[in-house]
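Open the model in your viewer and keep the selection tool at hand. This tour goes stop by stop.

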Amino acid sequence: MSARSPLDMTIGGDSSHAMSTGTLSARRGYVHTVGRTFAGLRHQPSALISLIVLCVWAIVIVFAPLLAPDGPLTQSIAGRLSPPSSSHWFGTDALGRDVLSRVMFGGRVSVPAALVVVLLSVFVGCTVGLLTGYLGGWLDDVLMRITDVFMAFPLILLAMAISASLGPSIRNGVIALAFVSWPQYARVTRSVTLDLRSREFVLASQVAGQRRSTILGRVIFPNVFPTVFVMASVDVGRAIVNFSVLSFIGLGARPPVAEWGSMVADGAQVMSQWWVSTFPGFAIFSLVLAFNFAGDWLRDLLDPYSRTRDAA
Amino acid sequence: MEMLRHRDFHRGTHRSLAVVTVAGLLLAAACTSNGNTKSNATSTGTTSGGAHPASATLVVAMEQASLRTLDPNDAYEPAAFIFENALYSTLVTFKSDNLRQLEPRVAQSWTVNDDGTEYTFKLDPKAVFSTGDPVTAADVVFSMQRFINLKGPGAFLLGGVSSVTSPSPDTVVFKLSAPDFTFPWILTSSALGVSEAKVVKAHGGNDSTDASTTDKAASWLDGHSAGSGPFVLDSWTRGQQLVLSRNDNYWGAKPAYSKIIFKFVSDANTEQQLLKRGDAAIAIDLTPDQVAGLRSDQNIGVAKAPALNQIYMGWSAAATNTALAKTDNWTAMKYAINYKNLVSLAQGAAVQAGSVVPSALEGALPPEDGFSQDVAKAKAALAAAGNPDGFSFTLSYASDETAAGLPMSLVAGAIQNDLAAVGIKAKLDPELEVNFLSAYRTGKLEAVVHGWANDYPATSDFLPVFVPPGTVAVKRQHWPASASNQQIVDLAANAFKTKDDTQRASMITQALKLVNQLGPYAPLLDTEYQFPYDKSKVAGVTANSLWFLDLDTMTPAS
């Protein structure tokens, strides 16, 4: 988790030019573009499958209380550690709780937590990035050195330290992860903003006498947004993994809450009963992979360069 | 008193290690694709069968314990006890199948004066050190004084001793500051072995009052031994392995194994693999579930002994939480817990606790005298307390603490569920053991699930701490002496000043019955050690409550 992936670098740095024009053109041909992209899904099985997986997870998470065969906390000590069977499709854990139900309910913790982490870090990161990129000067220097400090640390290590000092809980885990992941958004937003600052339409707004807040919010931000949005969609997957890691080491969700990371940790205590850790592990795997592929697809949707390539 | 069980401490703190191990195991499984290849044992030094008993080697797998030192007068880690007991003979000892009977070791006999304040031990003239020199009273006095003056973590054991003297070369006298008719049991602790004064002194050791700063023998004692036990220390490579060799000058029955190799591994899963593959003959730290999984294997035997690690739920008697401070609510909790479920969770590693003292010890209550779940009674008690809909409190435990391999997290998880069934909401608060203990010791926790491990196998290591003015009762549970518990306080205080065994036991029993009734404790589980071993390799495996295994009586399987 130490640095941004090459994918993010591309989105953040090189394609910023394309972004501004891309958004302008996307507005014009919005219906056309969306229609073509969804039609193109047929030729992108990975994107199609990932979208299906995401939809299935969305349904499972929203309707978990209706779909789950059992409560996430219902114990049956007599039937503890029983292997997958027709009555317990995913088996039971060390306290005789149904693993399938816990995996379903676990999504109600991990996914919202990951979404909040990403939303928080996008909010903070974009604000900092817009301000530093547009205003420059000492503010830019100070805030960018702060992001440098953050990015010099292995993220998960920093998150562990923050989470441990705040005291372990879901809320504090989310705060810790948001705390360490906003700098990358700040970096990307800043670099896009720097580029946009000298563009004609921004200069025009300035000449027209618009206020700084209006220029930042109405003129620059809409052009930064697609870049950040693609980055964020991939990042949700990573936030799920990071949150699970925190829970795995006991710094996220508290027992007896069903949460994937802590379920994997429980399973590591009873390795001969593979089903206890495998199924929550698979839940993390499927969702993270789906978010990554969906992120790729979103980039194609919003990035005119790759769209042209597809069309050609 | 209580010990931080370092070998267990390791488990939860580094869960990431478990992940690495998972990966390692998968690799290992891939490499030995044809399953139980027991033949590769020879590569690790295990001699199969009893073909050459004179040079037989035994391999024991043990969790990578934070073994601090092997200095016989300083070491006080449970992981050290197995080695200390094999290297250094104590004055008296015991066998775990009869925890009421003291056995002679270096001392062949002992007497006590009428008021229980002076013990006289006669040494066995046969006893010699591994150097061949006899064990004298001066060596015993040196060892005890060095133990006291090094002020190690176990120093409290001899806190009640006012002097140790040697009126003659074969006689040692212990004078106590207060009467205690169960005192010799303390001397069974592996921390109180006798070392050879001459040798320890030659390597920088001393027993003066400033020994804790001037004594320099520890580094030599980490690589050599100076005792009269059945084994001598061959080598100790920290974090990797420890090798014991047979003491050829041993004055008792000589051990069958010429070498015992302890392989330190990172966790219980690795131990299980070593045992299954035949790379180790005995595994020390398997969880009850892992042991249960091995039972179907015809080649695996399980050595058992009372672990004397009593798991209890305790709550603060003077909690700021007003509901928790009501004694009717205590009754509700005691009857809300499904004790049978807890026993089945333990998978053979525990029976129900009859009281806060393990049932194998003097005067303790049998499992039948413990509580049994009675939801109606619990609800009636809640109503009587004025909390018919239940109440809430925080239940703390150490996420990395286990007792006989049983994790506290499981016990706490099951209890929370039971309490919820009658409307009592326990908010689980797992902590790392170090943090948990420091908070609990300073009385900051509302309620706990915790195991009280023995320092020596006697009731005096349990009862006095759980009743006022004991540390657990007063400091941790905020349960000081008062008019309502005066009878318990008196019984506990006088029991160990009572010379007559029967009378003493009945006083203890009476006190424990009252503690069950009035105390802020729900005794949960009385744990059992289970050490699985490979029957095709080793026989005569006997488990011990304090030092895990009697190493001298094991023999290669024929």
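Is Asp93(A) buried or exposed? At 5% relative accessibility, Asp93(A) counts as buried. Buried means under 20% relative accessible area, exposed means over 50%, and partly exposed lies in between (1.4 Å probe, protein chains only).

Before moving on, some ground rules. This is a predicted model, where local features need pLDDT of at least 70, side-chain atom pairs count only at pLDDT 80 or more, and totals for chains, interfaces and linings use all residues. Residues are numbered from 1 along each chain as its sequence is written, chains are lettered from A and ligands numbered from 1 in the order in which they are written, and side-chain values use heavy atoms, with hydrogens and water left out.

**Stop 1: a charged group in chain A**

A salt bridge is a side-chain nitrogen of Lys or Arg within 4 Å of a carboxyl oxygen of Asp or Glu. Side chains of opposite charge can pair when their charged atoms come close. Arg102(A) is buried, at 3% relative accessible area. Asp93(A), Arg97(A) and Arg102(A) are linked in a network of salt bridges.

**Stop 2: chain A as a whole**

Show chain A as a cartoon. Chain A has 14 helices and zero strands. Helices (H or I, at least four residues) and strands (E, at least two) are DSSP runs, numbered from the N terminus. Of the 312 residues of chain A, 52% count as buried. Look at the contacts in chain A with a separation of 6 or more: residues 24 or more positions apart account for 74% of them. Contact means heavy atoms within 4.5 Å.

**Stop 3: Thr193(A)**

Select Thr193(A), in helix H9 (residues 170-197) of chain A. Its relative accessible area is 0%, so Thr193(A) is buried. Which residues does Thr193(A) touch, not counting those up to four places away in sequence? They are Gly129(A), Leu130(A), Gly133(A), Tyr134(A), Ile220(A) and Val224(A).

**Stop 4: where the chains meet**

Show both chains. Here 24 residues of chain B are in contact with 20 residues of chain A. Together the chains bury about 1800 Å², 54% of it on carbon and sulfur atoms. Buried area is the accessible area (1.4 Å probe) that two parts lose on being put together, summed over both.

How many salt bridges are there between chain B and chain A? The count is two. Select Arg254(A) and Asp429(B): they form a salt bridge, and their closest N and O atoms are 3.1 Å apart.

Next, colour the chain B side by element. Helix H2 (15-31), helix H8 (268-277), helix H11 (339-345), helix H13 (408-421) and strand E17 (425-431) of chain B each give two or more residues to the side that touches chain A. The largest share, six residues, comes from H2(B). By class, that side has ten nonpolar, ten polar and four charged residues. Ala, Val, Leu, Ile, Met, Phe, Trp, Tyr, Cys and Pro count as nonpolar, Asp, Glu, Lys and Arg as charged, and the others, Gly among them, as polar.

**Stop 5: a second bridge between chains**

Select Arg80(A) and Asp289(B). Their side chains meet in a salt bridge (2.9 Å, N to O). Arg80(A) lies in the loop between helix H5 (64-67) and helix H6 (99-135) of chain A and Asp289(B) in helix H9 (residues 288-294) of chain B, so the pair joins two chains. Arg80(A) is buried at 9% relative accessibility. Asp289(B) is buried too, with 12%.

**Stop 6: a bridge inside chain B**

Pick Arg146(B) and Asp71(B). This salt bridge has its closest N and O atoms 2.7 Å apart. Arg146(B) sits in helix H4 (residues 137-150) of chain B, and Asp71(B) in the loop between strand E1 (57-63) and helix H3 (78-87) of chain B, 75 residues apart. Arg146(B) counts as buried at 0% relative accessibility, and Asp71(B) is buried with 2%.
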